Amino acid sequence: MSEPIRVLVTGAAGQIAYSLLYSIGNGSVFGKDQPIILVLLDITPMMGVLDGVLMELQDCALPLLKDVIATDKEDVAFKDLDVAILVGSMPRRDGMERKDLLKANVKIFKCQGAALEKYAKKSVKVIVVGNPANTNCLTACKSAPSIPKENFSCLTRLDHNRAKAQIALKLGVTSDDVKNVIIWGNHSSTQYPDVSHAKVKLHGKEVGVYDALKDDSWLKGEFITTVQQRGAAVIKARKLSSAMSAAKAICDHVRDIWFGTPEGEFVSMGIISDGNPYGIPDDLLYSFPVTIKNKTWKVVEGLTINDFSREKMDLTAKELAEEKETAFEFLSSA
(Lines give C-alpha, C1' and ligand atoms only; values in the text may rest on other atoms or scores of the structure.)
Protein backbone atom coordinates (compact mmCIF):
# COMPACT_ATOMS: atom_id res chain seq x y z
CA MET A 1 0.00 0.00 0.00
CA SER A 2 1.19 3.50 -0.83
CA GLU A 3 1.17 6.47 1.56
CA PRO A 4 -2.31 8.05 1.85
CA ILE A 5 -2.99 11.14 -0.25
CA ARG A 6 -5.00 14.07 1.09
CA VAL A 7 -7.98 14.94 -1.11
CA LEU A 8 -10.24 17.91 -0.41
CA VAL A 9 -13.79 18.26 -1.72
CA THR A 10 -15.47 21.63 -1.08
CA GLY A 11 -19.23 22.11 -1.15
CA ALA A 12 -19.12 18.66 0.42
CA ALA A 13 -22.69 18.79 1.75
CA GLY A 14 -24.06 19.55 -1.73
CA GLN A 15 -25.59 17.22 -4.27
CA ILE A 16 -22.63 16.92 -6.68
CA ALA A 17 -20.39 15.91 -3.76
CA TYR A 18 -23.02 13.39 -2.65
CA SER A 19 -22.63 11.64 -6.02
CA LEU A 20 -18.83 12.09 -6.04
CA LEU A 21 -17.53 11.05 -2.64
CA TYR A 22 -18.31 7.34 -2.91
CA SER A 23 -16.39 7.07 -6.21
CA ILE A 24 -13.35 8.76 -4.68
CA GLY A 25 -13.55 6.53 -1.61
CA ASN A 26 -13.92 3.24 -3.48
CA GLY A 27 -10.78 3.61 -5.60
CA SER A 28 -12.41 4.50 -8.93
CA VAL A 29 -10.41 7.72 -9.22
CA PHE A 30 -6.96 7.23 -7.67
CA GLY A 31 -6.72 3.46 -8.03
CA LYS A 32 -7.55 0.44 -5.91
CA ASP A 33 -4.27 0.51 -3.96
CA GLN A 34 -4.19 4.22 -3.08
CA PRO A 35 -5.32 5.01 0.49
CA ILE A 36 -7.03 8.36 0.93
CA ILE A 37 -7.54 10.93 3.65
CA LEU A 38 -10.73 12.64 2.54
CA VAL A 39 -11.31 16.20 3.69
CA LEU A 40 -14.82 17.66 3.41
CA LEU A 41 -15.29 21.44 3.56
CA ASP A 42 -18.54 23.37 3.62
CA ILE A 43 -19.95 26.54 5.13
CA THR A 44 -20.91 26.61 8.81
CA PRO A 45 -24.73 26.44 8.27
CA MET A 46 -24.21 23.15 6.35
CA MET A 47 -22.25 21.38 9.09
CA GLY A 48 -25.30 19.42 10.29
CA VAL A 49 -25.89 18.03 6.80
CA LEU A 50 -22.15 17.38 6.40
CA ASP A 51 -22.24 15.34 9.58
CA GLY A 52 -24.80 13.07 7.91
CA VAL A 53 -22.53 12.68 4.86
CA LEU A 54 -19.65 11.80 7.20
CA MET A 55 -21.80 9.12 8.89
CA GLU A 56 -22.70 7.64 5.53
CA LEU A 57 -19.08 7.53 4.38
CA GLN A 58 -18.21 5.71 7.62
CA ASP A 59 -21.11 3.33 6.97
CA CYS A 60 -19.83 2.55 3.49
CA ALA A 61 -16.91 0.82 5.28
CA LEU A 62 -14.51 1.65 2.46
CA PRO A 63 -11.09 0.05 3.05
CA LEU A 64 -9.19 2.82 1.20
CA LEU A 65 -10.57 5.63 3.37
CA LYS A 66 -7.97 6.03 6.09
CA ASP A 67 -9.67 9.08 7.55
CA VAL A 68 -12.55 11.43 6.78
CA ILE A 69 -12.40 14.97 8.14
CA ALA A 70 -15.46 17.24 8.00
CA THR A 71 -14.76 20.92 8.66
CA ASP A 72 -15.83 24.52 8.04
CA LYS A 73 -12.30 25.85 8.65
CA GLU A 74 -9.96 26.63 5.76
CA ASP A 75 -6.74 26.07 7.75
CA VAL A 76 -7.87 22.50 8.49
CA ALA A 77 -9.28 21.84 5.02
CA PHE A 78 -6.36 23.04 2.89
CA LYS A 79 -3.48 21.67 4.97
CA ASP A 80 -0.93 19.52 3.08
CA LEU A 81 -3.30 18.75 0.20
CA ASP A 82 -2.35 16.57 -2.76
CA VAL A 83 -5.62 17.22 -4.61
CA ALA A 84 -8.27 19.94 -4.18
CA ILE A 85 -11.63 19.52 -5.91
CA LEU A 86 -13.42 22.86 -5.54
CA VAL A 87 -17.09 22.09 -6.09
CA GLY A 88 -18.63 24.64 -3.74
CA SER A 89 -19.60 28.04 -5.17
CA MET A 90 -22.36 30.59 -4.93
CA PRO A 91 -25.17 29.31 -7.17
CA ARG A 92 -27.05 31.64 -9.45
CA ARG A 93 -30.31 32.79 -7.88
CA ASP A 94 -33.40 33.91 -9.76
CA GLY A 95 -33.04 37.41 -11.13
CA MET A 96 -29.28 37.43 -10.47
CA GLU A 97 -27.08 39.05 -13.11
CA ARG A 98 -24.01 37.08 -14.22
CA LYS A 99 -22.00 40.04 -12.92
CA ASP A 100 -23.39 39.59 -9.40
CA LEU A 101 -22.63 35.89 -9.61
CA LEU A 102 -19.03 36.67 -10.60
CA LYS A 103 -18.65 39.12 -7.76
CA ALA A 104 -19.84 36.64 -5.11
CA ASN A 105 -17.58 33.89 -6.46
CA VAL A 106 -14.47 36.04 -6.85
CA LYS A 107 -14.60 36.51 -3.10
CA ILE A 108 -14.89 32.76 -2.44
CA PHE A 109 -12.17 31.70 -4.85
CA LYS A 110 -9.79 34.46 -3.82
CA CYS A 111 -10.02 33.11 -0.25
CA GLN A 112 -9.59 29.51 -1.35
CA GLY A 113 -6.65 30.40 -3.59
CA ALA A 114 -5.01 32.19 -0.65
CA ALA A 115 -5.67 29.13 1.55
CA LEU A 116 -4.07 26.84 -1.06
CA GLU A 117 -1.08 29.19 -1.16
CA LYS A 118 -0.73 29.19 2.61
CA TYR A 119 -1.49 25.57 3.59
CA ALA A 120 -1.42 23.13 0.64
CA LYS A 121 1.54 21.32 -0.91
CA LYS A 122 3.08 23.25 -3.83
CA SER A 123 2.51 20.15 -5.95
CA VAL A 124 -1.27 20.19 -5.29
CA LYS A 125 -3.56 19.57 -8.26
CA VAL A 126 -6.53 21.94 -8.16
CA ILE A 127 -9.73 21.18 -10.07
CA VAL A 128 -12.45 23.85 -10.12
CA VAL A 129 -16.03 22.76 -10.69
CA GLY A 130 -18.08 25.57 -9.10
CA ASN A 131 -19.45 27.99 -11.70
CA PRO A 132 -18.48 30.20 -13.43
CA ALA A 133 -15.74 27.54 -13.38
CA ASN A 134 -13.19 29.05 -15.79
CA THR A 135 -13.08 32.45 -14.14
CA ASN A 136 -13.27 30.97 -10.62
CA CYS A 137 -10.27 28.81 -11.52
CA LEU A 138 -8.33 31.81 -12.84
CA THR A 139 -9.14 33.73 -9.65
CA ALA A 140 -7.88 30.88 -7.43
CA CYS A 141 -4.78 30.52 -9.57
CA LYS A 142 -3.94 34.24 -9.33
CA SER A 143 -4.43 34.08 -5.56
CA ALA A 144 -1.89 31.24 -5.20
CA PRO A 145 1.18 32.62 -7.03
CA SER A 146 3.65 30.03 -5.71
CA ILE A 147 1.65 27.04 -7.00
CA PRO A 148 2.41 26.43 -10.70
CA LYS A 149 -0.46 27.64 -12.89
CA GLU A 150 -0.32 24.35 -14.79
CA ASN A 151 -1.61 22.69 -11.59
CA PHE A 152 -4.97 24.46 -11.96
CA SER A 153 -7.71 23.19 -14.26
CA CYS A 154 -11.46 23.55 -14.50
CA LEU A 155 -14.11 21.05 -15.47
CA THR A 156 -15.32 20.99 -19.08
CA ARG A 157 -15.34 17.19 -19.10
CA LEU A 158 -19.09 17.15 -18.50
CA ASP A 159 -19.57 19.08 -21.76
CA HIS A 160 -17.04 16.76 -23.42
CA ASN A 161 -18.97 13.68 -22.24
CA ARG A 162 -22.26 15.25 -23.32
CA ALA A 163 -20.85 15.80 -26.82
CA LYS A 164 -19.58 12.21 -27.00
CA ALA A 165 -22.95 10.90 -25.87
CA GLN A 166 -24.91 12.92 -28.45
CA ILE A 167 -22.75 11.57 -31.30
CA ALA A 168 -23.02 8.01 -29.97
CA LEU A 169 -26.82 8.27 -29.66
CA LYS A 170 -27.13 9.65 -33.18
CA LEU A 171 -25.02 6.81 -34.64
CA GLY A 172 -26.39 4.03 -32.44
CA VAL A 173 -22.99 3.17 -30.93
CA THR A 174 -21.74 3.39 -27.33
CA SER A 175 -19.92 6.55 -26.23
CA ASP A 176 -16.79 4.45 -25.81
CA ASP A 177 -16.73 4.16 -29.61
CA VAL A 178 -16.45 7.96 -29.94
CA LYS A 179 -13.18 9.76 -29.20
CA ASN A 180 -11.44 13.12 -29.59
CA VAL A 181 -14.39 15.45 -29.40
CA ILE A 182 -13.28 18.90 -28.20
CA ILE A 183 -14.82 21.55 -26.00
CA TRP A 184 -13.23 24.91 -26.72
CA GLY A 185 -13.50 27.87 -24.38
CA ASN A 186 -15.82 28.68 -21.53
CA HIS A 187 -18.02 26.29 -19.55
CA SER A 188 -21.02 28.42 -20.50
CA SER A 189 -23.47 28.55 -23.39
CA THR A 190 -20.74 30.09 -25.62
CA GLN A 191 -18.60 26.92 -25.39
CA TYR A 192 -17.82 25.37 -28.75
CA PRO A 193 -18.32 21.58 -28.96
CA ASP A 194 -16.20 20.61 -31.96
CA VAL A 195 -16.25 17.19 -33.64
CA SER A 196 -14.25 18.07 -36.74
CA HIS A 197 -11.34 15.99 -35.37
CA ALA A 198 -13.44 13.34 -33.65
CA LYS A 199 -13.42 9.69 -34.65
CA VAL A 200 -16.00 6.97 -34.27
CA LYS A 201 -15.59 3.20 -34.44
CA LEU A 202 -18.09 1.84 -36.97
CA HIS A 203 -18.09 -1.80 -38.09
CA GLY A 204 -14.58 -2.24 -36.67
CA LYS A 205 -13.15 0.79 -38.54
CA GLU A 206 -12.31 4.27 -37.26
CA VAL A 207 -14.09 6.96 -39.27
CA GLY A 208 -14.28 10.74 -38.92
CA VAL A 209 -17.56 11.82 -37.29
CA TYR A 210 -18.47 14.15 -40.20
CA ASP A 211 -17.98 11.25 -42.66
CA ALA A 212 -19.87 8.82 -40.46
CA LEU A 213 -22.89 11.07 -39.92
CA LYS A 214 -23.13 12.81 -43.30
CA ASP A 215 -25.33 15.44 -41.67
CA ASP A 216 -23.35 18.67 -41.53
CA SER A 217 -26.34 20.87 -40.78
CA TRP A 218 -27.12 18.87 -37.60
CA LEU A 219 -23.45 18.91 -36.54
CA LYS A 220 -23.15 22.66 -37.08
CA GLY A 221 -26.55 23.45 -35.57
CA GLU A 222 -28.66 21.34 -33.27
CA PHE A 223 -25.75 19.23 -31.99
CA ILE A 224 -23.89 22.32 -30.79
CA THR A 225 -26.89 23.97 -29.13
CA THR A 226 -27.95 20.69 -27.48
CA VAL A 227 -24.54 20.35 -25.80
CA GLN A 228 -24.36 24.06 -24.93
CA GLN A 229 -27.78 24.04 -23.29
CA ARG A 230 -27.84 20.54 -21.83
CA GLY A 231 -27.37 21.75 -18.24
CA ALA A 232 -30.44 23.97 -18.51
CA ALA A 233 -32.44 21.10 -20.06
CA VAL A 234 -31.58 18.84 -17.11
CA ILE A 235 -32.63 21.53 -14.61
CA LYS A 236 -35.90 22.03 -16.46
CA ALA A 237 -36.66 18.31 -16.36
CA ARG A 238 -35.31 17.38 -12.90
CA LYS A 239 -35.85 20.71 -11.15
CA LEU A 240 -32.26 20.17 -9.93
CA SER A 241 -28.92 20.63 -11.67
CA SER A 242 -26.84 17.78 -13.12
CA ALA A 243 -25.21 16.00 -10.21
CA MET A 244 -24.67 12.36 -11.19
CA SER A 245 -23.22 13.28 -14.59
CA ALA A 246 -21.15 16.12 -13.11
CA ALA A 247 -19.69 13.77 -10.49
CA LYS A 248 -18.86 11.19 -13.19
CA ALA A 249 -17.12 13.91 -15.25
CA ILE A 250 -15.08 15.04 -12.23
CA CYS A 251 -13.96 11.43 -11.72
CA ASP A 252 -12.94 11.17 -15.40
CA HIS A 253 -11.06 14.48 -15.26
CA VAL A 254 -9.14 13.70 -12.06
CA ARG A 255 -8.42 10.08 -13.04
CA ASP A 256 -6.92 11.29 -16.34
CA ILE A 257 -4.70 13.79 -14.50
CA TRP A 258 -3.58 11.01 -12.17
CA PHE A 259 -3.07 8.18 -14.67
CA GLY A 260 -2.78 9.95 -18.04
CA THR A 261 -4.84 9.73 -21.22
CA PRO A 262 -4.90 6.63 -23.45
CA GLU A 263 -2.53 6.61 -26.45
CA GLY A 264 -4.07 8.42 -29.43
CA GLU A 265 -6.83 10.04 -27.38
CA PHE A 266 -7.31 13.54 -26.06
CA VAL A 267 -9.76 15.08 -23.60
CA SER A 268 -11.02 18.59 -22.85
CA MET A 269 -10.20 20.65 -19.78
CA GLY A 270 -10.00 24.32 -18.90
CA ILE A 271 -6.35 25.32 -18.45
CA ILE A 272 -4.21 28.44 -18.59
CA SER A 273 -4.00 29.60 -22.22
CA ASP A 274 -0.40 30.90 -22.10
CA GLY A 275 1.58 30.03 -25.25
CA ASN A 276 -1.20 27.95 -26.82
CA PRO A 277 -0.89 27.21 -30.57
CA TYR A 278 -4.46 28.28 -31.47
CA GLY A 279 -4.29 32.06 -31.23
CA ILE A 280 -6.28 32.30 -28.01
CA PRO A 281 -5.03 35.27 -25.94
CA ASP A 282 -2.71 34.44 -23.00
CA ASP A 283 -3.82 34.60 -19.38
CA LEU A 284 -7.30 33.14 -19.89
CA LEU A 285 -8.55 29.91 -18.37
CA TYR A 286 -9.80 28.30 -21.60
CA SER A 287 -10.83 24.75 -22.45
CA PHE A 288 -8.47 23.02 -24.90
CA PRO A 289 -7.92 19.48 -26.14
CA VAL A 290 -5.09 17.98 -24.06
CA THR A 291 -3.14 14.78 -23.61
CA ILE A 292 -1.80 13.96 -20.15
CA LYS A 293 1.32 12.07 -19.14
CA ASN A 294 3.09 11.95 -15.75
CA LYS A 295 0.35 14.18 -14.26
CA THR A 296 1.25 16.92 -16.78
CA TRP A 297 -1.05 18.12 -19.56
CA LYS A 298 -0.02 19.23 -23.00
CA VAL A 299 -2.27 21.01 -25.51
CA VAL A 300 -2.80 18.91 -28.65
CA GLU A 301 -1.01 20.67 -31.51
CA GLY A 302 -1.46 20.78 -35.26
CA LEU A 303 -5.26 20.56 -35.47
CA THR A 304 -6.57 22.45 -38.50
CA ILE A 305 -9.08 25.14 -37.61
CA ASN A 306 -11.61 26.09 -40.29
CA ASP A 307 -13.43 29.43 -40.45
CA PHE A 308 -16.55 28.05 -38.78
CA SER A 309 -14.47 26.86 -35.80
CA ARG A 310 -12.34 30.00 -35.66
CA GLU A 311 -15.37 32.22 -35.23
CA LYS A 312 -16.81 30.08 -32.44
CA MET A 313 -13.44 29.75 -30.65
CA ASP A 314 -12.94 33.53 -30.72
CA LEU A 315 -16.48 34.22 -29.51
CA THR A 316 -16.05 32.15 -26.34
CA ALA A 317 -12.57 33.67 -25.78
CA LYS A 318 -14.14 37.12 -25.95
CA GLU A 319 -16.67 36.15 -23.27
CA LEU A 320 -13.87 34.83 -21.06
CA ALA A 321 -11.86 38.03 -21.50
CA GLU A 322 -14.91 40.06 -20.45
CA GLU A 323 -15.56 37.81 -17.43
CA LYS A 324 -11.93 38.10 -16.44
CA GLU A 325 -12.05 41.88 -16.64
CA THR A 326 -15.18 42.03 -14.46
CA ALA A 327 -13.76 39.51 -11.99
CA PHE A 328 -10.44 41.34 -11.67
CA GLU A 329 -12.18 44.64 -10.95
CA PHE A 330 -13.77 42.87 -7.98
CA LEU A 331 -10.53 41.01 -7.18
CA SER A 332 -8.62 44.22 -6.47
CA SER A 333 -11.39 45.39 -4.15
CA ALA A 334 -12.32 42.00 -2.64
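Asp 283 sits in the loop that runs between strand 12 (267-272) and strand 13 (285-293). In this predicted model, Asp 283 has a phi near 65°, a positive value in a residue other than glycine. The side chain of Asp 283 also meets that of Lys 142 in a salt bridge, with an N to O distance of 2.7 Å.

**Domains and their interface**
- The domain assignment divides the protein into domain 1 (5-154) and domain 2 (156-322).
- The contact between them draws on 28 residues from domain 1 and 33 residues from domain 2.
- A separation of 24 Å is found between the C-alpha centres of domain 1 and domain 2.
- The size of an interface is often expressed as the accessible area lost when the parts come together.
- For domain 1 and domain 2, about 2500 Å² is buried between them, and 63% of this area is on carbon and sulfur atoms.
- Between domain 1 and domain 2, the count of salt bridges is 2.

**Salt bridges**
- The whole structure contains 13 salt bridges.
- One of these joins the side chains of Lys 121 and Asp 82, at 2.7 Å from N to O.
- Lys 121 belongs to the loop between helix 4 and strand 5 (125-128), while Asp 82 belongs to the loop between helix 3 (74-77) and strand 4 (83-86), so this pair ties together parts that lie 39 residues apart in sequence.

**Packing of helix 4 and helix 5**
- Two packed helices are described by the angle between their axes together with the distance between those axes.
- Helix 4 (residues 98-119) packs with helix 5 (residues 133-142) at an angle of about 40°, and their axes are 8 Å apart.
- The crossing of helix 4 and helix 5 is right-handed.
- Helix 4 contributes Leu 102, Asn 105, Val 106, Phe 109, Lys 110 and Gly 113 to the contact, and helix 5 contributes Thr 135, Asn 136, Thr 139 and Ala 140.
- By class, the residues of this contact comprise 4 nonpolar, 5 polar and 1 charged.

**Backbone geometry in loops**
- A cis peptide bond leads from Asn 131 to Pro 132, with omega near -10°.
- Pro 132 is located in the loop between strand 5 and helix 5.
- Lys 295 has a positive phi of about 60°, although Lys 295 is not a glycine.
- The loop that holds Lys 295 lies between strand 13 and strand 14 (296-299).

Notes
Residues numbered from 1 in each chain as written. Predicted model: local features only at pLDDT ≥ 70, side-chain atom pairs only at ≥ 80, totals over all residues. Heavy atoms only, no water. Axes fitted to C-alpha atoms, helices over the stretch in contact; angles between N-to-C directions. Helix = DSSP H or I, 4+ residues; strand = E, 2+ residues; numbered from the N terminus. Left-handed = near helix turned anticlockwise from the far one by under 90°. Contact = heavy atoms within 4.5 Å. Nonpolar A, V, L, I, M, F, W, Y, C, P; charged D, E, K, R; others polar. Domains from an automatic or database assignment. Buried area = accessible area lost by both parts, 1.4 Å probe. Salt bridge = Lys/Arg side-chain N within 4 Å of Asp/Glu carboxyl O.
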